[in-house]
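This report goes through selected contacts and local features of one protein model. The sequence and structure come first, and the notes follow.

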Amino acid sequence: MQHRPLGRTGMMVSPFGLGTMVLGRWGNRDRASCERIVHTALDAGINLVDTADVYGDGENEVLVGAILGHRRDEVVLCTKFHHPVGGDTDPNRRGNSRRWIMTAVDDSLRRLGTDRIDVYQVHRPDPDTAIEETVDALTDLVRAGKIRAWGTSTFPAEEIVTAHWAAERSGAIAPHTEQPPYSVLSRGVETDVLPTCERLGMGVLTWSPLSGGWLTGKY
């Protein structure tokens, strides 16, 4: 397995990553099968594993953390925050505010059974929160050692640029990665998101590269 730089994080990752959204409650409920999938990927040289707090209402992070176990240090572990978890109706337990970020990261660390997250991703933009607040909060988490790097997911190009400007103005850490939807059936990011990431030196971690299964031949 070849490896390549993940943007300017200094971390090297395999060109293929393992997205785990459908392991557990949202898909494959067979624990033994989930374990085989993860360990087969790691044995093949894949070293990037991606999850999110909202997958299975937190169950996916628990499952991934347990399966990785003693192999945790072999992987670049990525997770995300933004959405409410477990149907929580509290309006302050979601979004991209400092208040929620500081709670969400500790919840994810506990569920994953680890003391740090390699790439912590903002799952979606939040129009109700100033990007400066989000950038500063994530910078504090990097400096505290709870996360190694942070990124965005499904952000339009202009909001990626705005995040970089906000970081530059305050001396904070700009996003290291972007995770856009991208496949041969979904190529809109080629117009502006991918060129923006390249210009800013960001790593790109695509989601749904098989277009939700349409490119696997199962339909």
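Which residues in helix 4 meet which residues in helix 5? On the helix 4 side they are I131, E132, V135 and D136, and on the helix 5 side T162, A163, A166, A167, R169 and S170. The model is a predicted one.

## Helix 4 against helix 5

The contact of helix 4 with helix 5 contains five nonpolar, two polar and three charged residues. The two helices pack at an angle of about 65°, and their axes are 9 Å apart. Their crossing is right-handed.

The whole structure holds 17 salt bridges. One of them pairs R71 with D43, with 3.0 Å between the closest N and O atoms. This pair links distant parts of the chain, 28 residues apart: R71 is in the loop between helix 2 (59-68) and strand 5, and D43 is in helix 1 (residues 31-43). R71 counts as buried because its relative accessibility is 12%, under the 20% limit. D43 has a relative accessibility of 58%, over the 50% limit, and therefore counts as exposed.

A salt bridge also joins D118 and R72, whose closest N and O atoms are 3.2 Å apart. Here the partners are 46 residues apart, with D118 in strand 6 (residues 117-122) and R72 in the loop between helix 2 and strand 5. D118 is buried, at 7% relative accessibility. R72 is buried too, at 8%.

D106 forms a salt bridge with K146, and the closest N and O atoms of the pair lie 2.8 Å apart. D106 is partly exposed, with a relative accessible area of 35%. K146 also counts as partly exposed, at 27% relative accessibility.

Which residues of helix 6 are buried? In this helix (residues 193-200), V193, T196 and C197 are buried. Why do they lie on the same side of helix 6? They cover an arc of only 100° around the axis, and this puts them on the same side. The cover over the buried residues of helix 6 includes helix 5 (157-170), strand 8 (177-179) and strand 9 (203-204).

The face turned away from the buried side of helix 6 carries the exposed residues E198 and R199. Helix 6 is followed by G201, which has a positive phi, near 75°.

Most residues other than glycine have a negative phi. T154 has a positive value, near 60°, and is not a glycine. T154 is located in the loop between strand 7 and helix 5. With a relative accessible area of 24%, T154 is partly exposed, because this value falls between the 20% and 50% limits.

S211 is likewise a residue other than glycine with a positive phi, near 55°. S211 is found in the segment after strand 9. At 17% relative accessibility, S211 counts as buried, because the value is under 20%.

Where does G87 lie? G87 is in the loop between strand 5 (76-81) and helix 3 (98-112). Is this residue buried or exposed? G87 counts as exposed, because its relative accessibility of 57% is over 50%.

G87 and D57 are 30 residues apart along the chain. The separation of their C-alpha atoms is 7.7 Å.

Notes
Residues are numbered from 1 along each chain as its sequence is written. This is a predicted model: local features need pLDDT of at least 70, side-chain atom pairs count only at pLDDT 80 or more; totals for chains, interfaces and linings use all residues. Side-chain values use heavy atoms; hydrogens and water are left out. Helices (H or I, at least four residues) and strands (E, at least two) are DSSP runs, numbered from the N terminus. Buried means under 20% relative accessible area, exposed over 50%, partly exposed in between (1.4 Å probe, protein chains only). A salt bridge is a side-chain nitrogen of Lys or Arg within 4 Å of a carboxyl oxygen of Asp or Glu. The arc is that of the directions from the helix axis to the C-beta atoms. Contact means heavy atoms within 4.5 Å. Axes are lines fitted to C-alpha atoms, for helices over the stretch in contact, and angles run from 0 to 180 degrees between N-to-C directions. A crossing is left-handed if the near helix is turned anticlockwise from the far one by less than a right angle, and right-handed if clockwise. Ala, Val, Leu, Ile, Met, Phe, Trp, Tyr, Cys and Pro count as nonpolar, Asp, Glu, Lys and Arg as charged, and the others, Gly among them, as polar.
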